[in-house]
Amino acid sequence: MNIGSIDAVLAVTRAALRGPLVTLRLLAETPAAWAPALAAVLLLAFAWWQDRREQPGHRGPRTVELAAGLFGLGILAWLFHLGQFPWTEGDWREEWTFFVAWKQALRSGGLPYHLAAAMQGTERYLANLQTPLMPYVIALRFVDVSGFVLFHLAFVFAVGFMGAVALRRELGLRLLPWTVFLLVFTLNGHIVSHLSVGHLPWAAYFLIPWMLLSAIRTARGDRSWRMVLICAATFGAMILIGGWHVFVWSLLFMAFSCLLSRQRISALLWIGVITALLAAARLAPAVATFGTGANTFISGYPTVVSMLAALVTSPIRDARLEPWELDAFVGFGGFLLLCLGAIPFREPATRFMNVLLLPTALLLILSLGNVYQHTLFRLPGFVSERVTTRLIILPVLWLALAGAVRLDAWWRRARFSLATAVPVLLGAWFAAMQLILRAQVWRPHAGSALDALPGEVLKTAAAEPSYFWAFWCGAAISSITAVAVARMLATRVSSCSPSGTDPTRAFPY
């Protein structure tokens, strides 16, 4: 270990020892963080109280789930000043162009085929995998861009939050451990920093709980059509709302979790086929425009120490990477939760979770240095990931969830007394306050007037035949597949089998 690494480890150790007092002082000096801090404290206290008095048939858990969902929505509203986005700055200007393109096209009764200036290597709007293409985008004809984007973030969060609720019930988590996981999920440095600098395709991040649910069920041996369809629908939604990067990370996590089982590989193949059909409206014009793709690799985390610093303190600067590409902050409390999640499970009821340590380890390795460049970077689709520090977020979320499962096991055995409640609540409070204070650091300022922003961003040109037909044929395939998947999930009848079986029945392999 070189001198720089030793200094970094010593700095992290000193920060850990001073953490609680520094956090308290910073919180007192940051009035802007008081509202979310108070909300987090009340949510944790409410979860602890409901765990203490939980009874069969009691409605308290659902009330806490509702409160947790409102807390997450409140964090988004707080982070972006109730929709006052800084559209004139950095990547926000690019996102403005993407959304105003739809407004301009819808008002003229058409689709946004071409931008006036190339972005991400093309003027073809519908071939750019980072542009929004969700069904409710038609609302932009009637509402302003800022209001629509705030609604979009809230809607995707709400859908993803239902996945987090499904995770709690799948794993049988009590409310306090689950709430601690939710705080890490909602406020970690990765998602807060990327959203704050205008990476709105990262809204797809909030759908990850549905992928984790599918991974858990697959690890348990679930071979039902319902599991396959839920995962494919999640992946398709990620792609359609512009979250191609999030989709690639999630696909890698799911693929690595299926490596060691023929049945799981069969499930993965079906998930891939259905995802491609659901997202054909995005994939077909992208392939027609870019082919198999080309890119220039940048970097992952330079060292393990820099990764550690990104998780628990300020990231070590790297000339190749912007600060938001390094930040994965979970704080010292969150890091302890990750460490708990990294311990293999030995109990028969939870041993299946060890299956998901493999994708966790592989993604952590791929997020370091140039490992990804020399392995997956040249594969079609995967060439999009030129900054692999981003891959760390899936291991962070899985380890946080696994840590919550381990915390839950202890929480169930512990007697509800002052001796157990105080340290647990103080630890949860410390973790929450660190997350909120880091979010305040990244929080963008309230946006100003929009007079300097363009209102006309499209080029009036006919779409090339190959591009035109790629989109419309893909859209037809996506629409037909979406109707079929929705019907199968709603009616619990699978049309994929000649006999028409329930989707809880095993798929063929």
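Let's start with Y113: buried or exposed? In this predicted model, Y113 has 16% relative accessibility, so it counts as buried. Keep that tyrosine in mind, because its ring has a partner: Y113 and F468 form a pair. F468 comes out at 27% relative accessibility and therefore counts as partly exposed.

Now, how do we describe such a contact? A pair of aromatic rings is described by the distance of the centres and the angle of the planes. For Y113 and F468, the centres are 6.0 Å apart and the planes stand at 35 degrees, so this pair is tilted. And what does the pair link?

Let me zoom out for a second. How many aromatic pairs does a search of the whole structure find? The count is 33. Another one of them is F80 with F85: here the ring centres are 5.2 Å apart and the planes make 45 degrees, so this pair is tilted. Both of these phenylalanines, F80 and F85, are buried.

Ring pairs also build a cluster, if you'd like to follow along on the structure: F157, F161, W178, F181, F185, Y205 and F206 are linked this way.

The ring of F329 has the charged end of R438 sitting over it, at 4.1 Å from the ring's centre. Thanks, everyone!

Conventions: Residues numbered from 1 in each chain as written. Predicted model: local features only at pLDDT ≥ 70, side-chain atom pairs only at ≥ 80, totals over all residues. Heavy atoms only, no water. Phe/Tyr/Trp six-rings, centres within 6.5 Å; stacked < 30°, edge-to-face > 60°. Buried < 20%, exposed > 50% of the residue type's maximum accessible area, 1.4 Å probe, protein only. Lys NZ or Arg CZ within 6 Å of the ring centre and 35° of its normal.
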